[in-house]
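The sequence and the model come first, and the description follows.

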2 protein chains.
Amino acid sequence: MMAEILTRKLKHGGFLAEDDCDRLTAVTKEAYYLGPRTDVIRQGESPDAVRLVIEGIACRYKLMPDGRRAIVALLLPGDFCDLHISILKRMDHSIGTLTQCKIVDIPRSTVDDLLENYPRIQRSLWWATLVDEAILREWLVNMGKRRSDRQMAHLLCEMHFRLKAVGLSLGSMLPLTQEELADILGISHVHAQRVMASLRDAGLVSLQGRRIVVTDFKRMIEFSEFDPDYLHLDEGSTS
Amino acid sequence: MMAEILTRKLKHGGFLAEDDCDRLTAVTKEAYYLGPRTDVIRQGESPDAVRLVIEGIACRYKLMPDGRRAIVALLLPGDFCDLHISILKRMDHSIGTLTQCKIVDIPRSTVDDLLENYPRIQRSLWWATLVDEAILREWLVNMGKRRSDRQMAHLLCEMHFRLKAVGLSLGSMLPLTQEELADILGISHVHAQRVMASLRDAGLVSLQGRRIVVTDFKRMIEFSEFDPDYLHLDEGSTS
DNA sequence: CGCATCCTTGACTCCCCTCAACAGCTGTGG
DNA sequence: CCACAGCTGTTGAGGGGAGTCAAGGATGCG
């Protein structure tokens, strides 16, 4: 039931046909839960299965020699953890859950089969990794060129669109701690807190305990100069 | 002669056989030159050929609404400009030369043929885009977590390794202006200049006019905490 | 030579970091 | 029931890295 998250996402690529979807959902049967702040894969490992996030939020991260953590990608429902592994020998970064997550393991052999024998699925998976790359580029722009309040707003906009693309919403998610937000944006958690407070004071978001709700989405988009173009979400079904 | 740059790079992926190389070099015959600071592809376009850099340095960049430029990737000899285009409909960023460049156009149909009928070449191209993604992640870490002097040093180390992987060297390249370096690192050109001066004073590089020469590579690596792991250059031939 | 581009330097400002302390919440155990 | 620890969020003070503005020096090119 829930595992159709994957097809829901990949449909945006515009390559999938109906039987491809069936095949994909058939592959994503057995799911299991992982607690928050749990490592899924660690740097240097070569996992033997591809993991797919069904529920919750995970992240790619790297640790600096002094222990600081840089989060370089968010993995939302429908995102793959490590499609690479049949190509690159070792992980050059780690993956861990932020919230509790529901995960599906897909054996490497199954993935290889999908890639070789189902060209539309292959193109869809290509599409997904290319979008991941586009997101990375935008994060780089975000970090290099925007002040941290705009940056934070931009991140929230991105999450809104990415979640909407799989039928979810920001309000229902995102119990991210401010330290996690800070590690995403490359700022200190103290400053992250001040930024959130300023967004609240500006009337852009409201904070209900640990939960973030965007109250004025239109101004949020203006404020962060957000352009959803890079998410490439308009080819397939409803954007 | 020079077009074997591509095979030289892709061999690091560890998938190519001898006849694959022949096929690839056969495809990269007709090259042409582009002057410095020339756009190759602009955001929003859907080019009909894949472009490959043979000589010189190009970059992926995005422009902010206020005109500032963020460089999100460097394209060195052997790198593709837009392998995506058969998957993603429009470019979400622009590509332009920095120095003078020698470029090869490969028709989209040729690329599709290579991808469909030559699985080892297909995996090699996958490998190349995954390495590009890994580089993006490292740039993100670099920008988010390192002070700008370390960041600059890290960039120079990366360029050294990437160039060495295709048989080139830093000393023979890199007439990048400090404004370009600044746009890569996400700092102002004034600050980029001060950072270069500090690296010179620390005895790490020497500046001969516009040319940067790394004088103490070992200390440079320590200084920037550089770990070439993410470049995935050790699978195939000589690293 | 004159113009353009790039490098260099100084002064001032400010965004953001670090250190530090405190408040609020939750779970655990006495 | 309260005490306590542990984590997250909140706030303040002080400092430094980096931005901006501005002007002067190099260098190269037509």
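How do the residues of the surface near DNA strand D divide into nonpolar, polar and charged? They divide into six nonpolar, seven polar and four charged. Here Ala, Val, Leu, Ile, Met, Phe, Trp, Tyr, Cys and Pro count as nonpolar, Asp, Glu, Lys and Arg as charged, and the others, Gly among them, as polar.

The model is predicted: local features need pLDDT of at least 70, side-chain atom pairs count only at pLDDT 80 or more, and totals for chains, interfaces and linings use all residues. Residues are numbered from 1 along each chain as its sequence is written, while chains are lettered from A and ligands numbered from 1 in the order in which they are written.

A residue is near a strand if its C-beta atom, placed from the backbone, lies within 6 Å of it. Around DNA strand D there are 17 residues, of which A:Gln178, B:Ser148, B:Ile187, B:Ser188 and B:His191 come nearest. Two or more residues of this surface come from each of helix 6 (178-185) and helix 7 of chain A and helix 7 of chain B. Helices (H or I, at least four residues) and strands (E, at least two) are DSSP runs, numbered from the N terminus.

Around DNA strand C there are 16 residues, and A:Ser148, A:Ile187, A:Ser188, A:His191 and B:Gln178 come nearest. The elements giving two or more residues here are helix 7 (189-201) of chain A, and helix 6 (178-185) and helix 7 (189-201) of chain B.

| Surface | Element giving the most | Residues from it |
|---|---|---|
| near DNA strand C | helix 7 of chain B | five residues |
| near DNA strand D | helix 7 of chain A | five residues |

By class, the surface near DNA strand C has six nonpolar, six polar and four charged residues.

**The two copies**

Chain A is superposed on chain B by a rotation of 180° with 0.0 Å of shift along its axis, at an RMSD of 0.0 Å. The two copies are thus related as by a two-fold rotation axis. The superposition is by least squares on the C-alpha atoms of residues with pLDDT of at least 70 in both.

**The domains of chain A**

An automatic or database domain assignment divides chain A into domain 1 (2-132) and domain 2 (147-231). Their centres, taken over C-alpha atoms, are 24 Å apart. Each of the two domains brings 14 residues to the contact, where contact means C-beta atoms, placed from the backbone, within 7 Å. On the side of domain 1 that touches domain 2, helix 1 (5-10) and strand 5 (69-75) each supply at least two residues. That side has eight nonpolar, three polar and three charged residues.
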